[in-house]
Amino acid sequence: MLRTARAALIGAATMMALTPARSQGQTVSRSDYDAASGLLETNLRGLVKNQAVEPHWLGSQGNFWYRRDEARGTSYVLFDAKKRTRTPLFDHAAMATALAGALGTGSAPTAEALGLTDVEVTPDLRRLTAVVGKKTVTCELKPLRCAAADLVTPPPGLLPSPDGKRAALVKDYNLVVRDLATGRETALTTDGERYFAYGSLTDQSLITIPRRKTGMVLPPMGTVWSPDGKYLLSTRADERRLAVNPFVEWVPSDGALRPVLHEIRSAFIGDRDRTGTALFVFDVAAGRRVEVTAPPPYDGGDGNPVTWTPDPVGWSVARGQVFLIAKTAGSKRAGLLRVDLATGKGTIVFDEGSSTKVETNAIEYNVPNVKVIGDGAEAIWYSARTGWGHLYRYDAQTGVLKNPITAGDWAVIDIIAVDERLREVYLTGGGREPGRDPYYRHLYKAALDDGRITLLTDADADHHYDPPNAPTLKLLFRSTDPPPLVNPAAGVLLDTYSTVSEPPVTVLRSTRTGAVLAEIERADASALYATGWKPPVREKVTAADGVTDLYAVYYRPLRPVSGGKHPIIDAEYGGPQVTVAPTNFVRAYSAGNPSGESGLARLGFATVTIDGRGTPYRSRAFRDAGYPEFTQVGIDDHIAAIKQLAARHPEIDLTRVGVYGVSWGGTFAAQAILSRPEFFKVASSASGVYDYAPLYGGFEAFLGIPQYVDGSSYRAKPGEKPVNYAKLDITAMAPNLKGKLLLIYGDLDENVPPVQVFRMVDALTRANKPYDLLYMPGRPHAAAADPYAVRRVWDYFVEHLLGDPLVPDAAVTLRPAPR
């Protein structure tokens, strides 16, 4: 429930100053809430037909098939690259009849709804296999006939070898290999125990509570097979000395009356006892293991943690080597670590350092832009050493820099594909094309040997090329990568592009010149528009420094208010690891963080999302602005942007400005209203970090290595905080509160533990400041996504920023997207 903490006495004059004038005659109604609910991203997903094409390539001619959205249901389409024709992959009515006969079900498939998943088609187009419900179907396509069998699902927790004959698994905290034909198991380790486990997630994985509650069985994590299946690379985590971070589930999900205590072992910033991670190479046939070692400073000899990515960036089967990325504490140095599989000895091939941090991709969550090619002969390395993120070619054995692959005042974003035969790398980049939005991704082809670069996507729009998921994440979420959009062997690629206001278009292009060979699809957004959704506008503004270009996405208010002036709300995130202002149509209507811009616009608010300085995708100077005080730099940039938008859009009321965000966005919202109370009047802060000192480690790359009064990076006293984090402590800003602040948290949030909101509450209480607190029992980090929480945030802005009375029976409904 919503609990309000009030100061003992608040003067009437103060209350009047905080309460906006109420609208007359056009107040928010239940129907407005219903319409706004319909515009939530979750409720809009699936309404745009053919917004993407996933090609399933058929050989080297460039032909492919894909699943197409139809007016009713879906179809399967074959595209002939030579003829530039699109035809049905098979007779859908005949397929429905054949499936019905094979399945023997009363509810027969229809031509529009065949119910196929996990579809595979042989390159000669003669056979199709798929899953329908709990059955596997195999269909001969010429002539069409189908047979069905019970679906055999492999047991959970297996990591198959490359040849599919064996699988690795974890048993009783130890690593085991199973022969899948005989079931015979061989233990690779025997010394594993709880909190000293092989191939297992640590308690600090941020999903420990749901894993325990559901009994989730995972394959070995941080574990990977060598391409030839001879070796396994796996981790062991030692958590035995870590302190406990308690979580209380006050309302147990199983209906029990007594609260449940969940004990999570976690090292806080400044703790001397931290998780000890060891990496091993297992020779599976010999049953032998060796521990991976690294030279200083990547050996952790200074006591600070080092990172060796468990996902290799390359292998050399002939040389018996695996390549990893190694980073020192705070990512102050990073290098390519080459490991001898026979001895475990690691050698730093080359490395580099930074006074802030070394990145291997502009976006923290994307896979590193590092690839080892030629069976260990060469390495492609990403670096922002020149001030811009670019690719470099190294000798992976000697460490000699051969040449830059890309260069200039623009940014490489992701490596999409590498064609070793033609020695070309396909990559996305931003800011290279004069006069264009630097956040628009364009696809380029660069020669590995001399850096010759070719623009392959000429449309002035964002081109939808996303990198593959990291192998560890794919294991965790049991996901697979979509089919590749670039087919170098066939000399063609698929390009889907859009802007925030123009729906996606998908074309077939030449990989040689980028010329358009055929148009494949134009997305149909009519069902989206029918909900009342209106596209935003993307505008260029200037940062608080008066020089730097920023980009903002503005959602105009969709409901009239008395006087024609609308409060404006900053929908933000502000974290240093991602950008959030939509660049394309899909993100404009369905992005998840921040969310709710269109819903708030329907309630009568102007809404804006901005990427300020301190965030990625641009130059190194842009990313490092204010380091480590990136949040304050971002806040001031947002203020400058909102003022410029108000000058362009007369409907904006600059005297009524709100702000909301989740996670790092919650941090941003709280700091915004506390550090700039004269500008921000109402804030909703959900799941935010307010004091970095009592937080688990891992933030040092963004904040710097902690420094305590004795000059060390360790806490000498229980209440001691890093002196270099003092300006980042939002709880110290509590006395500045003048407006209305809503704090939201879930009691099972492992990502940002409840200690954070409790410290903020304590600081506000000590400062004698009124605040509002929404506690969501049993909710994790995404507590603010709960429909009730969304409704309460809307209520908060309606009451305190818009000045309308609350709607007693208002509700927010989330419905599954149509298929």
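# A guided tour of a predicted model

Select L764 to begin: beyond its neighbours up to four places away in sequence, L764 touches A734, L737, L741, L743, K769 and Y771. Contact here stands for heavy atoms within 4.5 Å of each other. The model is predicted, so that local features need pLDDT of at least 70 and side-chain atom pairs count only at pLDDT 80 or more, while totals for chains, interfaces and linings use all residues. Residues are numbered from 1 along each chain as its sequence is written, and side-chain values use heavy atoms, with hydrogens and water left out.

**The nonpolar cores**

Next, select I568, F680, Y692, L703, L743, M760 and L764 together; within the largest nonpolar core, which has 66 residues, these touch the most other members. Another core, of 31 residues, lies apart from the largest one and includes Y33, L40, F797 and V807. A nonpolar core is a set of buried Ala, Val, Leu, Ile, Met, Phe, Trp, Tyr and Cys residues joined through side-chain atoms within 4.5 Å. Buried means under 20% relative accessible area, exposed means over 50%, and partly exposed lies in between, with a 1.4 Å probe and protein chains only.

**Helix 2 and its cover**

Select residues 30-38, which form helix 2. Helices (H or I, at least four residues) and strands (E, at least two) are DSSP runs numbered from the N terminus. Which residues of helix 2 are buried? They are D32, Y33, A36, S37 and G38. To see what covers them, display helix 3 (41-44), helix 9 (597-602) and helix 15 (787-802), which are among the covering elements.

Most residues other than glycine have a negative phi, and most peptide bonds are trans.

- Select N593 and P594, which are joined by a cis peptide bond with omega of about -5 degrees. P594 is in the loop between helix 8 (585-590) and helix 9.
- Select Y627 and P628, whose peptide bond is cis, with omega near 0 degrees. The loop between helix 10 (620-623) and helix 11 (630-648) holds P628.
- Select D118, a residue other than glycine with a positive phi, near 50 degrees. D118 belongs to strand 6 (residues 117-121) and is exposed, because its relative accessible area is 60%.
- Select L206, which is not a glycine and yet has a positive phi of about 80 degrees. L206 lies in the loop between strand 14 (196-198) and helix 5, and its relative accessibility of 29% is why it counts as partly exposed.

**The disulfide**

How many disulfides does the structure hold? It holds one, between C139 and C146, with 2.1 Å from S to S. A disulfide is a pair of cysteine sulfur atoms within 2.5 Å. The link of C139 and C146 is right-handed, with 110 degrees about the S-S bond. Both C139 and C146 are buried.

**The second largest pocket**

The second largest pocket has a volume of about 660 Å³. Of its 29 lining residues, select Y173, S200, L201, R211 and M216, the closest to its centre. On a 1 Å grid over the protein atoms alone, a pocket is an open set of points where a 1.4 Å probe fits, with protein on both sides within 12 Å along at least five of seven lines; lining residues have an atom within 4 Å of a point. Grid points are joined across faces, edges and corners, and the volume is the space filled by probe spheres set on the points.

Strand 11 (166-171) and helix 5 (208-214) each contribute at least two residues to the lining. The lining comprises 16 nonpolar, five polar and eight charged residues. Ala, Val, Leu, Ile, Met, Phe, Trp, Tyr, Cys and Pro count as nonpolar, Asp, Glu, Lys and Arg as charged, and the others, Gly among them, as polar.

**Two strand residues**

Select V176 in strand 12 (residues 174-179). V176 counts as buried because its relative accessible area is 7%. Apart from sequence neighbours up to four places away, V176 touches A167, A168, L169, K171, E185, T186, A187 and L188.

Finally, select L493 in strand 36 (residues 492-498). Is L493 buried or exposed? L493 counts as buried, because its relative accessibility is 0%. Neighbours within four places aside, its contacts include L443, L456, Y465, V507 and T511. The C-alpha atoms of L493 and K740 are separated by 52 Å, and the two residues are 247 residues apart along the chain.
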